[in-house]
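Here are a few exercises to work through with the model open in your viewer. Try each task before you read its solution.

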Amino acid sequence: MTIQDVDIALRHPRSLNGKVALVVGGYGAIGATISEMLAAAGAISIVAGRNGDRARTLAAELTDNGASAQGVALDACDVRAVRDLVGALSQRYGSIDILVNCIGFNKEQRLLEVTPEAFDEVYSRTLRVGMFLSQAVAARQVSVGRAGSHIHLLSVRSSLGFRNRGYSAFCAAKGGLAMLLKQVATELAPYGITVNGVAPGFVRTYKNETALADATAFQQATADIPLGRLATPGDVAGAVYFFASPLSRFVTGQILYVDGGLTASA
């Protein structure tokens, strides 16, 4: 990066103009807001997920609103499919500047009831996905000499257990991803590629709106949160935006907890 490049970045620290952002799980309850925010900042937002129709629908909505977006079908558990998509996008756009991994899966079972099949499914759809998404995108970035950023969506459960719930497989997978991103950050740092994680607590989305309409349920959900409310998808997307922007160019291997102070007071 030249002095002129640094000057431009400092004067326009929030712009993602010309950047290509691959958001895997980009039409989900949180992923959709991330896709929208990155597109609003000027990035070409590639919305990817198993349901190609949903991905293309969101991309069309973003395009109708003046943003640049593309929707693609992707089973992130299929390593060959991941590599093929990354190759196709790199051929079209030159490279992928921003990877956002919004993929995660949980099958709630208490410790004494966890089956090998359930544990393997949570692992393969969470930790394994993060490994091979980063590998595929990094391989292209390194081959063309183009820096970039990888952002993985974690959870406060990557560092905290969950009382009275069957979260052993999920906590293990997200905790493994938290450690993996630190190692990947170390290995990719010489290439100017940053790797970070965003770890939200309980996020209020359309999926849990009905349950949280009950006053008692809402009080229980917020009881241990110092800020007294739940995170919104926008709160999480803002943290992702920070890691994707030039503002975080000297930040790597870090985890930002978007939890209203929960982990600070636990």
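A crossing of two helices is right-handed if the near helix is turned clockwise from the far one by less than a right angle, and left-handed if anticlockwise. Keep in mind that this is a predicted model.

**Exercise 1. A helix pair**

Task: Describe how helix 2 and helix 10 are placed relative to each other.

Solution:
- Two packed helices are described by the angle between their axes and the distance between the axes.
- Here the axes of helix 2 (residues 31-40) and helix 10 come within 9 Å, and they cross at roughly 45°.
- Angles under 35 degrees count as roughly parallel and 65 to 115 as roughly perpendicular, so helix 2 and helix 10 are oblique to each other.
- Viewed with the rule above, the crossing of helix 2 and helix 10 is right-handed.

**Exercise 2. A patch on the surface**

Task: Find which residues make the nonpolar surface patch of about 230 Å².

Solution:
- The patch is made by Phe242, Leu247 and Leu256.
- Phe242 belongs to helix 10, which spans residues 233-244.
- With 30% relative accessibility, Phe242 counts as partly exposed, since that class lies between 20% and 50%.

**Exercise 3. Salt bridges across loops**

Task: Work out which parts of the chain are tied together by the Asp75 and Arg50 pair.

Solution:
- Side chains of opposite charge can pair when their charged atoms come close.
- For Asp75 and Arg50, the N to O distance in the salt bridge is 3.4 Å.
- Asp75 sits in the loop between strand 3 (68-73) and helix 4 (79-93), and Arg50 in the loop between strand 2 (44-49) and helix 3 (52-64), so the pair ties together parts that are 25 residues apart in sequence.
- Arg50 is exposed at 52% relative accessible area, while Asp75 is partly exposed at 31%.

Now take Glu108 and Arg165, whose side chains meet in a salt bridge of 2.7 Å, N to O. This pair links distant parts of the chain, 57 residues apart: Glu108 is in the loop between strand 4 (98-101) and helix 5 (116-124), and Arg165 in the loop between strand 5 (148-153) and helix 7 (168-188).

**Exercise 4. A salt bridge within a helix**

Task: Say how Asp53 and Arg56 are spaced in helix 3.

Solution:
- The closest N and O atoms of the Asp53 and Arg56 salt bridge are 3.1 Å apart.
- Because they are three residues apart in helix 3, Asp53 and Arg56 are separated by about one helical turn.
- Asp53 counts as exposed at 52% relative accessibility, and Arg56 as partly exposed at 43%.

Note on methods
Residues are numbered from 1 along each chain as its sequence is written. This is a predicted model: local features need pLDDT of at least 70, side-chain atom pairs count only at pLDDT 80 or more; totals for chains, interfaces and linings use all residues. Side-chain values use heavy atoms; hydrogens and water are left out. Patches are made of residues with over 30% relative accessible area and no salt bridge: like charges are joined within 9 Å, nonpolar side chains (Val, Leu, Ile, Met, Phe, Trp, Tyr) within 5 Å. Accessible areas come from the Shrake-Rupley method with a 1.4 Å probe; for residues, only the protein chains shown count as cover. A salt bridge is a side-chain nitrogen of Lys or Arg within 4 Å of a carboxyl oxygen of Asp or Glu. Helices (H or I, at least four residues) and strands (E, at least two) are DSSP runs, numbered from the N terminus. Buried means under 20% relative accessible area, exposed over 50%, partly exposed in between (1.4 Å probe, protein chains only). Axes are lines fitted to C-alpha atoms, for helices over the stretch in contact, and angles run from 0 to 180 degrees between N-to-C directions. Angles under 35 degrees count as roughly parallel, over 145 as roughly antiparallel, 65 to 115 as roughly perpendicular and the rest as oblique.
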